[in-house]
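Reader: Could you walk me through this one, starting with how you use the burial terms and then moving to the charged side chains?

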Amino acid sequence: MLNNPTDITVEEWHPDHTRWSELLALVTELNQMDWLNFTAEWHHSSHVLVAQRASEILGFLRFVIQAIGPARIASFRSC
């Protein structure tokens, strides 16, 4: 249980982040590497948010941006 949730920060990390290898170790430990690495041609972009307290990684969230529906795909790709 967190005693003080205000000391938690959330940042977007990219593969060139200095602590990316630490995140990969956690992702591997949690058996989530397939989800972190999955890509599809319809993904416009991928983002990884990392929650941390001081130097401790508490968790991560990866999300992708993609168009929804056939009409949206065509217009989204033209952006």
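This is a predicted model: local features need pLDDT of at least 70, side-chain atom pairs count only at pLDDT 80 or more; totals for chains, interfaces and linings use all residues.

Reader: Which residues is Leu36 in contact with, leaving aside its neighbours within four places in sequence?

Author: With those neighbours left aside, Leu36 is in contact with Leu24, Val27, Val48, Phe60 and Arg62. Arg62 is 26 residues from Leu36 in sequence, while the two C-alpha atoms are 6.6 Å apart in space.

Reader: What does the side chain of Arg62 reach, and which side chain does a polar contact join to it?

Author: It reaches the backbone oxygen of Phe38 at 2.7 Å, and a polar contact of 2.9 Å joins the side chain of Arg62 to that of Ser46. Beyond its neighbours within four places in sequence, the residues in contact with Arg62 include Trp35, Thr39, His43, His47 and Val48.

Reader: Changing topic, how many salt bridges does the count come to?

Author: The count comes to 3 salt bridges. In one of them Asp7 pairs with Arg53, and the closest N and O atoms are 3.3 Å apart. That pair links distant parts of the chain, since Asp7 sits in the segment before strand 1 (8–13) and Arg53 in strand 2 (residues 43–53), 46 residues apart.

Reader: Which residues are linked with Arg53 in a network of salt bridges?

Author: Asp7 and Glu56 are linked with Arg53 in that network, and the salt bridge between Glu56 and Arg53 has an N to O distance of 3.8 Å. Asp7 counts as partly exposed because its relative accessibility is 33%; Arg53, at 22%, also counts as partly exposed, and so does Glu56, with a relative accessible area of 44%.

Reader: And what are the relative accessible areas of Arg19 and Glu22?

Author: The side chains of Arg19 and Glu22 meet in a salt bridge at 3.0 Å, N to O. Arg19 is buried, because its relative accessible area is 16%, whereas Glu22 is partly exposed at 38%.

Reader: Away from charges, which residues make the nonpolar surface patch?

Author: A nonpolar surface patch of about 240 Å² is made by Leu61, Phe63 and Ile65. Leu61 lies in strand 3, which spans residues 56–66, and Arg62 has its place in that strand too.

Reader: Why does Leu61 count as partly exposed?

Author: Its relative accessible area is 48%, and the partly exposed class lies between the buried limit of under 20% and the exposed limit of over 50%, so Leu61 falls in the partly exposed class.

Note on methods
Residues are numbered from 1 along each chain as its sequence is written. Side-chain values use heavy atoms; hydrogens and water are left out. Patches are made of residues with over 30% relative accessible area and no salt bridge: like charges are joined within 9 Å, nonpolar side chains (Val, Leu, Ile, Met, Phe, Trp, Tyr) within 5 Å. Accessible areas come from the Shrake-Rupley method with a 1.4 Å probe; for residues, only the protein chains shown count as cover. A salt bridge is a side-chain nitrogen of Lys or Arg within 4 Å of a carboxyl oxygen of Asp or Glu. Helices (H or I, at least four residues) and strands (E, at least two) are DSSP runs, numbered from the N terminus. Buried means under 20% relative accessible area, exposed over 50%, partly exposed in between (1.4 Å probe, protein chains only). A polar contact is a pair of N or O atoms within 3.5 Å; within protein, one must be able to donate a hydrogen and the other to accept it, and residues adjacent in sequence count only if both atoms are side-chain atoms. Contact means heavy atoms within 4.5 Å.
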